[in-house]
Amino acid sequence: MLAKRIIPCLDVTHGRVVKGVNFVELKDAGDPVEIARRYNEAGADELTFLDITASSDDRDLILHIIEAVAAEVFIPLTVGGGVRVVGDVQRLLNAGADKVSINTSAVLNPQLVKDAADRYGSQCIVVAIDAKRVGAHWEVFTHGGRKATGLDAIEWAKKMEAFGAGELLLTSMDRDGTKSGFDLALTRAISDAVDIPIIASGGVGTLQHLVDGVKEGRADAVLAASIFHFGEYGIDEAKRYMKQHGIEVRL
Amino acid sequence: MKVDIAVVDYGMGNLRSVSKAIEHVAPAAHVVVTSDPDVIDRAGRVVFPGQGAAPDCMREIDARGLRQAIVDAARSKPFLGICMGMQVLFEHSEEGDTACLGILPGDVQRFPREAMHDAAGNKLKVPHMGWNDVHQAMSHPLWAGIEEGARFYFVHSYFVQPAAPEVIAGFSHYPFPFTCAVASGNIFAVQFHPEKSQNAGLALLGNFATWHPGAMAPTAAMSGATCA
């Protein structure tokens, strides 16, 4: 059976991984290539790089990183952050990214998702949705959760599926950084509303949260940063825990 | 210069990972990513990858004048189809009602919506995306050193249905069994992405780089594809 995926997420700026990654004997805690290699060896099912570089001057650095990682790490690589035009998608794919994640630009210009999916195939287009509970529903936010859009997250998810997204990366802005677990109701509502895979993100603090995301939230994949980076849990440990709880994983 | 392995470039997706993965397992081989039919003709081996939609793939193959070179390579030398490069070897794809290369008999179908749920009734997503078990339906040099049931990385919404069951080299389940590898003479083709399947995928690519198909008789190839 198809395995549920565990995806570590690395924030990159100016060519360096930030927030630190705490592997044993890691020579350089900010080197994206070495960190990617270590996660690959540890059994990560995919890797996601989020380019949080603020200035456009340094955007090309992510291309060099992806080229270097793709030359020695042979698992799927997703890159997000600062994707504004179809040409950005092309540059990332040419550098060796397998999927490109589009967030704010999808809201500003939904046609970008359609054009990119038509041109390069849905399999490489991930739409990232940052959602926050507002009253009785969830609303889409952009710019790292700072700007409200007025869009209903479930309707937006369906629209992005119709526009050709191959996968959705769903982050609960209420839970992100809280270590209190995924927003399971949100995850499940979106997962049930679409036929494409959902990556749950935001709020993982324990291995049980990963299990809950899959079992209760019906996520197809779980993304986490800090619990892996700081060595609280290993990828293998997380997978064994999920397996013990009846979840199909790649060991 | 001698080209050991040509990776066919017809504008459909990321070929860097395919060529990098081959270079990783066959460092001595001269690997070229090419859309030049002459280079494909001269190459010792051909890898035929592909992503995206079937109608676009067929259009791009013809727009670049690559059809004959691909068909000739599939008849004559070690040939590895990957993902869309496997699907278009067959006669017809349901995706966009597309006539394909017709090198192998059979067609390509979408995962049917009504079948997409597991035993517990949970919805199964399409595309089929992620790591799934691959069961080996025959012994083949390209499976050498790869464990039965090893997981490979998939991302696709369509799967092949070979008309000749003897070409089925591997299958997977989602939720029903579907063909994910075929072998016929000098052709081996897979639905999954060996270039993204870590150790198992690298092993398969390494096996391909040294594969010497014995008898070149394309056992299940269509009559039109056999030599006079």
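**View 1. The largest cavity of the predicted model.** About 110 Å³ of space lies in the largest cavity of this predicted model. Its lining is made up of 13 residues, and those closest to the centre of the cavity are A:Asp98 from chain A together with B:Gln51, B:Tyr153, B:Val155 and B:His193 from chain B. Sorted by class, the residues of this lining divide into 4 nonpolar, 5 polar and 4 charged. In the structure as a whole, there are 3 cavities of 30 Å³ or more.

**View 2. The contact between chain A and chain B.** Chain A brings 41 residues to this contact, while chain B brings 31 residues. The size of an interface is often given as the accessible area lost when the parts come together. For chain A and chain B the buried area is about 2900 Å², and carbon and sulfur atoms account for 52% of that area. On the side of chain A, the residues that lose the most area to chain B are A:Met1, A:Leu2 and A:Phe74, which together make up 28% of what that side buries.

**View 3. Polar and charged pairs across the interface.** Between chain A and chain B there are 5 salt bridges, and 25 residue pairs are in polar contact across the interface. A salt bridge joins A:Glu248 to B:Arg151, where the closest N and O atoms are 2.6 Å apart. The elements of chain A that give two or more residues to the side touching chain B are α2 (60–70), α3 (86–95), α5 (111–120) and α7 (184–193). By class, that side of chain A has 20 nonpolar, 7 polar and 14 charged residues.

How values were computed: Residues are numbered from 1 along each chain as its sequence is written. Chains are lettered from A and ligands numbered from 1 in the order in which they are written. This is a predicted model: local features need pLDDT of at least 70, side-chain atom pairs count only at pLDDT 80 or more; totals for chains, interfaces and linings use all residues. Side-chain values use heavy atoms; hydrogens and water are left out. Contact means heavy atoms within 4.5 Å. Buried area is the accessible area (1.4 Å probe) that two parts lose on being put together, summed over both. A salt bridge is a side-chain nitrogen of Lys or Arg within 4 Å of a carboxyl oxygen of Asp or Glu. A polar contact is a pair of N or O atoms within 3.5 Å; within protein, one must be able to donate a hydrogen and the other to accept it, and residues adjacent in sequence count only if both atoms are side-chain atoms. Helices (H or I, at least four residues) and strands (E, at least two) are DSSP runs, numbered from the N terminus. Ala, Val, Leu, Ile, Met, Phe, Trp, Tyr, Cys and Pro count as nonpolar, Asp, Glu, Lys and Arg as charged, and the others, Gly among them, as polar. On a 1 Å grid over the protein atoms alone, a cavity is a set of points where a 1.4 Å probe fits but cannot get out, and a pocket is an open set with protein on both sides within 12 Å along at least five of seven lines; lining residues have an atom within 4 Å of a point. Grid points are joined across faces, edges and corners, and a volume is the space filled by probe spheres set on the points.
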